[in-house]
Amino acid sequence: MFDSSSDRIASELRAWSLAAPPGARLPSTRELVARYEASPVTVQKALRLLAAQGIVETRPGVGTFTRALRTARPGDFGWQTGALGSRGPLAQAPSAGLRAVPNDVIALHSGYPERELLPERLVRAALARASRGETAVDRAPSAGLPALQEWFASELAAATSAGLTAPAARDVVVVPGSQSALSTLFRALVGAGRPLVIESPTYWGALLAAAQVGVELIPVPSGPNGPDPEEVERAFAQSSARAFYAQPTYANPTGAQWSPGVVTGMLDIVRRHGAFLIEDDWARDFGITTDPAPVAGRDDAGHVIHLRSLTKSLSPAIRVAAIIARGPARDRILADVQAHAMYVSGVLQAAALDVVTQPGWSSHLRGLRPRLRSRRDLMVDAVQRHLPGAHLEAIPPGGLNLWLRLPDDTDLPRLARTCEERGVLIAPGGEWFPAEPPGCYLRLNYSGASPAAFDDAARIIGEALEGAAG
């Protein structure tokens, strides 16, 4: 079947052209109109399609001719072996979460929410307004648009404990997304060859940024309530580290939220060691059964460096985040941003500010919580029904993912291949560990695919798991 008359004509002419010698002339448009009993517009559309595919070429005033097919030959890139040298730490396969997929695949691997969970109408309107404003032609300040700095500062100020000094707008440095921010923070606060305490498991992008900067990772295990303060104390004492990267609220991949006791213990530790806690608050807007409580809201001495991203909350196209830091640390961070990014697109900043200051933004967040809860619970039910061999240590109180422990004899690469062959993409858990994984894990994103597909997806994973035992 053909979608249109032009498709049918193009198909027949394609077959004729591929069989004809190079340079053969096709019948004129008038002849083709008569042969196919089609309009000149339809014939021209078919010829344009063949030309775009490189099968024919049109010579104005002369006619249309078949093109000589170029014989593909392998490129000789051997010289690059010597030029590039041995592979560095970044020469690895991209994360499973970054894979693009066709529409007919159930995508449980991605780290981003489905479009229906985003404030799409607000974002489109904000981008349209921003494109008509001064930010479309002006260079933005290196630290960010003042109004957006003020918004980030006021948001954290609202969560700051009574009796503490709230952050000011000048403490805010706007950056092009959290991934860029992590590289900046690791360069400015840690440095190449220096130790960085880090949760295990943790965000794979933080591991990538650490490898890029060349910091030495000191992993500490983290559970449903966060890491054990005694383990973190030991890591600081043994390594003399001066920074700890963590996700206290709805961690990726586990969904864990630090308990109040853990928060208190961590603040005591970084203060005692004169260190920084780099708080990655990427999931602030994705609470389900608890409310976010930034650790930075309990510190005004500059120990907690707060990273707040809007990308997953607004749109993957809005690469806007903020680092909130006080004292000389803020100046070092800004200097690094100026050296590597110079400034963030003013259009994106203006659009982000437009969205989060609209009345519809609050309404969107209120409606997001029950939708995330429904999706999470549906995924939990499907996992419990179809994956009896998987262990869900805790139902996450927020975030976008379930974190499953699989039987130790699971062949994870084989499991992922089998699931993909059957139309389900999953994210094996190994890439979230800064050292060797203590077991076999699987991260399933309940926000990125249609909930109607959860049951089928879990059934397919369960069947594949039975065949993936080592």
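Visitor: What lies over the face of Y112?
Guide: K312 does, at 4.4 Å from the ring centre. A charge sits over a ring if NZ of Lys or CZ of Arg is within 6 Å of the ring centre and within 35 degrees of the ring normal. R59 lies over the face of F65, at 4.1 Å from the ring centre.

Visitor: What kind of model is it?
Guide: Predicted: local features need pLDDT of at least 70, side-chain atom pairs count only at pLDDT 80 or more, and totals for chains, interfaces and linings use all residues. Side-chain values use heavy atoms, without hydrogens and water, and residues are numbered from 1 along each chain as its sequence is written.

Visitor: How many aromatic pairs?
Guide: The count is 10. Rings of Phe, Tyr and Trp (its six-membered ring) pair if their centres lie within 6.5 Å; planes under 30 degrees apart are stacked, over 60 edge-to-face, the rest tilted. W151 and F152 are edge-to-face, 5.2 Å centre to centre with 75° between the planes.

Visitor: Is F152 buried or exposed?
Guide: Buried, with a relative accessible area of 1%. Buried means under 20% relative accessible area, exposed over 50%, partly exposed in between (1.4 Å probe, protein chains only).

Visitor: Which residues form the aromatic cluster?
Guide: W403, W432, F433 and Y441.

Visitor: Now α15. Which of its residues are buried?
Guide: L412, L415, A416 and C419, in a helix spanning residues 412-421. Helices (H or I, at least four residues) and strands (E, at least two) are DSSP runs, numbered from the N terminus.

Visitor: What follows α15?
Guide: G423, with a positive phi near 90°.
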